[in-house]
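Hi,

Here is the structure I promised to pass on. Have a look at it first, and my notes follow below.

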Amino acid sequence: MTHVTEHPLVQGGRSAALATACVRGGVAAGLGLGALAVLVVAAWISSPYPDSGPGGALHLAAGLWLLAHGVDLVRTDTLSGLPAPLGIVPMLLVVLPVWLVHRAARDTLDADGRGDRSRPSTGGAVAAVAGGYLLVGAAVVVYSESGPMPADLITAGLWLPAVVVGAAGAGAWTALGRPLPEQRQAAAALRATGLGLVTLLGGGAVAAAVSLAWHAGEAQAAYAGLAGEWSGRVAVLLLVLALLPNMAVWGAAYGLGPGFTLGTGALATPLGLAGDPALPPFPLLAALPDGGRGTWIHWTAAAVPLAAAVLQGRRVGRSARTWTARDTALTALGAAWGCGAVVAVLSGAAGGPLGSGRLSAFGPVWWQTGAATVLWGACVGVPVALGVRAWGRRVPRPKPLPVPAEASVVGPAAGAAKWAASGLVPVPGPVPPSAPDPETPEEAQSDATPAPPAAPEAGPDVGRADDPYSAPYDDPYDDAAAFEPYDYLPAAWEPASPPPPDRA
């Protein structure tokens with residue numbers, strides 16, 4: 001009876017929790033869209049040429065929001081009259097929508113003091129948050145069709161759900177405590193993938209920043225030529241900041257070897273710049289290498305993937321000290337494949353078309369950079385992992401310690417030598433009984449009780465009246481009577497020596 005009564009309450013609580021999760025997803029989408037709308041409207045108000053009106057500003061905000069999710073846009077107001085695609089994603093804009101979805105899914109799975117009955121399942125929470133977000137996304141896609149930059153329906157149906165579901169899944173994983181697979185090899189491969197990815201992107205960012213600083217004059221000239229008024233320069237500066245992660249991915253692709261395309265007829269690699277690049281005036285494009293064959297300065301970019309592969313293999317090798325060589329190699333190869341898959345996705349987002357004709361291919365090619373990442377991890381990461389594993393499994397050889405000459409003398413002789421060197425003559429303790437002779441049992445029985453040791457013979461300096469230490473126990477401080485040298489302490493099997501008689 002109790003089970004029948006509680007069942008509707010449980011179902012109703014979970015339904016309310018799923019509805020709340022759906023609302024949270026819609027609110028997350030609205031917050032991201034609203035933030036971009038405020039930014040675009042502020043730029044439109046401050047611009048001295050607000051020709052498009054508020055409707056054009058809102059359509060531009062909707063297009064940027066869709067572009068941040070990987071959706072390609074189509075520009076219809078071109079000089080030639082032909083539609084031109086726009087597929088390069090400003091990757092810094094991706095941070096805000098992804099973080100909002102991540103937080104919505106994480107907050108949905110947190111208990112918040114409501115109890116376990118109202119908490120939805122992990123899959124239900126992810127589906128509810130993503131569903132609410134995608135409802136707002138579908139409305140934005142429909143709204144963009146009436147503007148100057150409508151969304152491409154194919155990429156909208158592919159990338160928008162993938163990004164939202166991936167971010168919601170990451171939020172649910174965070175709410176559960178970021179658990180890793182129980183299999184040790186899979187967990188080690190994921191950790192090594194993260195380390196290699198961070199190293200690769202960080203090195204690419206450093207390489208791109210050095211090249212931009214080297215061409216600082218050209219970048220400043222391009223920045224000043226794009227806009228004359230302060231509002232236009234602020235807009236260009238914001239666009240440059242939004243494209244900085246793209247610059248890091250381009251630098252990583254350059255160091256990997258495949259490089260990136262600068263139009264359909266130009267390719268930039270560490271070996272040189274081939275073809276005639278079609279470069280629009282933009283500050284970040286001033287960091288591109290000059291034409292001609294590459295020099296040793298360009299070849300140093302290969303140190304970035306080399307360092308990433310070495311650290312990735314080292315991480316696997318340190319975790320594989322108790323594994324077999326086959327498991328170690330497979331784990332390192334799995335880390336290489338994981339890193340290659342992520343780099344391929346990032347390369348696809350960082351590059352894309354900027355227009356039609358020669359600008360239809362711009363940036364790194366996703367499958368080439370992904371394959372190069374896997375190749376670096378297989379050729380460098382796997383041997384490094386095996387080497388680190390072998391080094392960790394080595395057995396150190398014991399080093400013989402030098403024995404001092406005094407250590408060879410043991411027993412009472414060593415103690416007598418120490419006291420002779422100090423000038424004091426101690427009273428020796430009882431001598432342990434010798435082993436009985438099996439041939440003479442009578443003598444063994446007679447020697448069972450050890451005889452008291454003979455007193456040492458007095459030397460020329462012992463027994464003088466003016467010497468306070470002439471007798472073994474004559475101490476001016478009267479505290480040496482209880483003193484007994486460590487070398488003459490009785491063993492566990494020996495009877496304790498009787499205390500010396502009291503002297504008047």
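Which helices do the buried residues of helix 12 pack against? They pack against helix 6, helix 9 (244-256), helix 11 (303-319) and helix 13 (366-392). Helices here are DSSP runs of H or I, at least four residues, numbered from the N terminus, and buried means under 20% relative accessible area with a 1.4 Å probe, protein chains only.

Before you dig in: this is a predicted model, with local features needing pLDDT of at least 70, side-chain atom pairs counting only at pLDDT 80 or more, and totals for chains, interfaces and linings using all residues. Residues are numbered from 1 along each chain as its sequence is written, and side-chain values use heavy atoms, leaving out hydrogens and water.

Back to helix 12. Its buried set includes T328, T331, A335, C339 and V343. The end C-alpha atoms of helix 12 are 37 Å apart, which agrees with the 38 Å that its 26 residues should span at 1.5 Å a residue (1.5 Å times one less than the number of residues). After the helix comes G352, with a positive phi near 145°.

Now the pairing with helix 6. Helix 6 (residues 184-214) and helix 12 (residues 325-350) pack at about 45°, axes 8 Å apart, the axes being lines fitted to C-alpha atoms over the stretch in contact.

Cheers

Key
Axes fitted to C-alpha atoms, helices over the stretch in contact; angles between N-to-C directions. Helix = DSSP H or I, 4+ residues; strand = E, 2+ residues; numbered from the N terminus. Buried < 20%, exposed > 50% of the residue type's maximum accessible area, 1.4 Å probe, protein only. Contact = heavy atoms within 4.5 Å.
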